[in-house]
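Let's take a walk through a protein model together. Keep the sequence and the 3D view open, and stop wherever you like to look for yourself.

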Amino acid sequence: MTKPAASVSTEPFEIATRILNEYRYSYGGISPFFRALAEEKKLTGTRCPKCATVFCPPRTRCGNCYVHTEWVELPDTATVVSAIDCYYVPENYELHDYLDLPYTLALVRVDGADTCLHTAVHYDGPHVRGKVRPGARVTAMFRERREGRLTDVYFRLEKEA
Ligand SMILES: [Zn+2]
C-alpha cells in the first residue's frame, strides 16, 4: 500500500450531508390502541388480569406481574396530573403543524386508567399561563385527519363551573 504524500492529512475527511430514511413503523402488540384512535375515535387501554392495573397508553404485559394484559375501552374524559406551558415547538416535532404558541403539554389520567398519557391540552380564549392545573377535568378531542399517531388525540379543558 502506498502512503499518501506527506502534505495530505491522514485524518478522516468529513462532509455535511442529509440522509432521509422512510420506513414503516409497527406498533406491534399495541396496534389496537392506535387503530381505535385513528379509525373509531376511541381511547383504549389494557388491564392486567392479575393486579387489575389499567394502562393507557397500553402495555401488552403488566410490568408488575409479567402477564399478558387484556384490552379495555376507556371513556374520553380524563384528569390533568401535571401540566407545563410551552413557548417553543421543535421544528420536526409531529405536533408542529397543530400548535399555536404558547400551548400546554400535560400528563392526563384517562378515567379508569392508572397510568398517564402525555398530550396537549387546549382551551378557548387567549393563553393564560398556568391555566391548566393538576386536577382539572379534560375531554379527548380527535383530530380531523388521523394517522394512527398519539397526536391524533389531544384534550380540551372542560368549562369551569
Ligand atoms: Zn399486574
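Start with Arg47: its bridge partner is Val54, which sits in strand S2. Strands here are DSSP runs of E with at least two residues, helices are runs of H or I with at least four, and both are numbered from the N terminus. Strand S1 covers residues 43–47, and S1 and S2 pair in the antiparallel sense over 2 bridges. That's enough to count, since two strands pair if DSSP finds at least two bridges between them. Before we go on, a word on the ground rules: this is a predicted model, where local features need pLDDT of at least 70 and side-chain atom pairs count only at pLDDT 80 or more, while totals for chains, interfaces and linings use all residues. Residues are numbered from 1 along each chain as its sequence is written, and side-chain values use heavy atoms, with hydrogens and water left out.

Now zoom out a bit. The open sheet has 3 strands in the order S2-S1-S3, with antiparallel pairing. At the edges you'll find S2 (54–55) and S3 (70–74), each pairing on one side only. Helix H1 (residues 31–40) packs on this sheet and touches S1 and S3, where a contact means heavy atoms within 4.5 Å. The direction of H1 makes about 160° with that of S1; the axes are lines fitted to C-alpha atoms, for helices over the stretch in contact, and angles run from 0 to 180 degrees between N-to-C directions.

Next up is the zinc ion. Which residues hold its protein donors? They are Cys48, Cys51, Cys62 and Cys65, each through its SG atom, 2.3 to 2.4 Å from the zinc ion. Donors are N, O and S atoms within 2.8 Å of the metal (3.2 Å for Na, K and Ca); water is not among the atoms, so sites may look incomplete. In sequence, the donor residues follow the spacing C-x2-C-x10-C-x2-C. Is Cys48 buried or exposed? Cys48 is buried, because its relative accessible area is 1%, and buried means under 20%, exposed over 50%, partly exposed in between (1.4 Å probe, protein chains only). Cys51, at 34%, is partly exposed.

Ala52, in the loop between S1 and S2, has a positive phi of about 70° although it is not a glycine. Tyr66 lies in the loop between S2 and S3, and its phi is positive too, about 60°. Pro57 is also in the loop between S2 and S3, and a cis peptide bond joins Cys56 and Pro57, with omega about 10°.
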